Amino acid sequence: MSQVAELKGADIAKQYLVAEEPYYCPVADEVETYEAAYEARMPMMLKGPTGCGKSRFVEYMAWKLGKPLITVACNEDMTASDLVGRFLLDKDGTKWQDGPLTLAARIGAICYLDEVVEARQDTTVVIHPLTDHRRELPLDKKGELVKAHADFQLVISYNPGYQSLMKDLKQSTKQRFGALDFDYPSTEIEADIVAAEAGIDKDVADKLVQIAHRARNLKGHGLDEGISTRLLVYAGQLINKGVKPDVACRVALVRPLTDDPDMRETLDAAVSTFFE
Ligand SMILES: Nc1ncnc2c1ncn2[C@@H]1O[C@H](COP(=O)(O)OP(=O)(O)OP(=O)(O)O)[C@@H](O)[C@H]1O
Ligand SMILES: [Mg+2]
């Protein structure tokens with residue numbers, strides 16, 4: 001980049017800095033491990049069920065490392081151009097617009113591709129040259145080869161639960177990443193998180209976590225996913241606002257999870273053993 005372009009890049013980068021420390025409660029040695037991975041600029045994959053803290057972790061790490069964070073929610077309609085960029089038509093003719101991946105590579109951001117398995121494989125392959133020793137991104141349509149900024153790092157998230165044979169990452173994609181496994185935190189830590197995030201007493205948070213444990217045991221026996229930490233925080237927030245705990249649990253924990261009447265009854269019964 002020229003000096004002028006670099007200055008502009010620094011200005012843009014500032015917009016993507018995480019301004020305030022996100023609340024993140026470490027569950028193991030993931031913070032230290034990630035720091036080492038970042039130092040090596042190793043592409044990282046965060047695996048784990050929905051609502052267990054993957055996105056929060058990336059925000060926290062971006063803040064801790066003082067690096068800009070650019071997040072992209074992936075979906076099956078996403079094309080390579082959505083990531084890389086495209087020519088746009090305006091009154092003066094055509095103008096190139098960088099996509100989020102290109103922008104991240106230019107300004108030295110952490111680029112977080114959320115639920116990358118949702119994207120089609122022909123979209124996913126555009127990240128390959130950025131994830132090996134080349135650290136570059138060819139913009140074929142524009143005829144430019146972007147060399148990634150020294151601070152650039154790619155992070156993807158992946159929910160193994162939704163994985164099917166049709167929807168999985170190619171080995172040649174998977175094997176470009178180091179991976180961290182995420183899961184719901186241990187009882188003690190999860191209750192701390194729920195209490196802190198929702199602003200409720202620890203003993204109430206503890207009961208919510210115990211309800212979640214009952215539901216998580218039903219995964220694969222009528223439930224596709226267990227109750228996430230995110231939903232526990234929702235229930236806690238309703239309780240904090242004065243909603244009766246049993247009602248809060250039904251609204252935030254049971255109803256979102258399943259439409260099956262028997263399963264709802266089972267979960268409602270679990271709620272009743274903790275909150276009357
Ligand atoms: N270790 C943690 N420290 C602090 N908060 C946490 C932690 N784990 C989970 N949470 C809480 O759970 C919520 C959901 O976490 P997050 O959005 O990071 O989930 P996710 O794993 O990215 O889910 P998805 O796969 O659906 O995107 C957060 O908003 C936060 O309130
Ligand atoms: Mg997320």
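**Helix, cores, ligand and domains**

Colleague: What span should helix 9 have, and what distance separates its end C-alpha atoms?
Modeller: Helix 9 covers residues 202-216, which is 15 residues, and at 1.5 Å a residue these should span 21 Å. This is a predicted model.

Colleague: Nice. Which helices are included in what covers the buried residues of helix 9?
Modeller: The buried residues in helix 9 are Val204, Ala205, Lys207, Leu208, Val209, Ile211, Ala212 and Ala215. In general, residues three or four places apart on an α-helix point the same way, because there are 3.6 residues a turn. The cover over those buried residues includes helix 8, helix 10, helix 11 and helix 12.

Colleague: Which residues have the most contacts inside the largest nonpolar core?
Modeller: Nonpolar side chains tend to be buried together in soluble globular proteins. Here the largest nonpolar core has 45 residues, and those with the most contacts inside it are Ala104, Ala105, Ala109, Cys111, Val155 and Ile156. Among the elements that each supply at least two residues of this core are helix 5 (100-107), strand 5 (110-114) and strand 8 (153-158).

Colleague: And which residues does Val155 touch, leaving out those up to four places away in sequence?
Modeller: Val155 is one of the residues with the most contacts inside the largest core. With residues up to four places away in sequence left out, Val155 touches Met44, Leu46, Val58, Ile110, Cys111 and Tyr112.

Colleague: Let's turn to the ligand. Why does ligand 1 lie between domain 1 and domain 2?
Modeller: The shell around ligand 1 has 21 residues, the closest being Thr50, Gly53, Lys54, Ser55 and Arg56. By class, this shell divides into 8 nonpolar, 8 polar and 5 charged residues. Ligand 1 lies between the two domains because residues of its shell come from both domain 1 (3-181) and domain 2 (187-274).

Colleague: How many residues does each domain give to the contact?
Modeller: Taken over C-alpha atoms, the centres of domain 1 and domain 2 are separated by 32 Å. The contact takes 9 residues from domain 1 and 10 residues from domain 2.

Colleague: Last one: is Lys241 buried or exposed?
Modeller: Lys241 sits in the loop between helix 10 and helix 11. Within 10 Å there are 10 other C-beta atoms, and a residue with 12 or fewer counts as exposed. Lys241 is therefore exposed.

Terms used. Residues numbered from 1 in each chain as written. Chains lettered and ligands numbered in written order. Predicted model: local features only at pLDDT ≥ 70, side-chain atom pairs only at ≥ 80, totals over all residues. Helix = DSSP H or I, 4+ residues; strand = E, 2+ residues; numbered from the N terminus. Expected span 1.5 Å × (residues − 1). Buried ≥ 20, exposed ≤ 12 C-beta atoms within 10 Å, placed from the backbone. Contact = placed C-beta atoms within 7 Å. Core = buried A, V, L, I, M, F, W, Y, C linked by C-beta atoms within 7 Å. Near = placed C-beta within 6 Å. Nonpolar A, V, L, I, M, F, W, Y, C, P; charged D, E, K, R; others polar. Domains from an automatic or database assignment.
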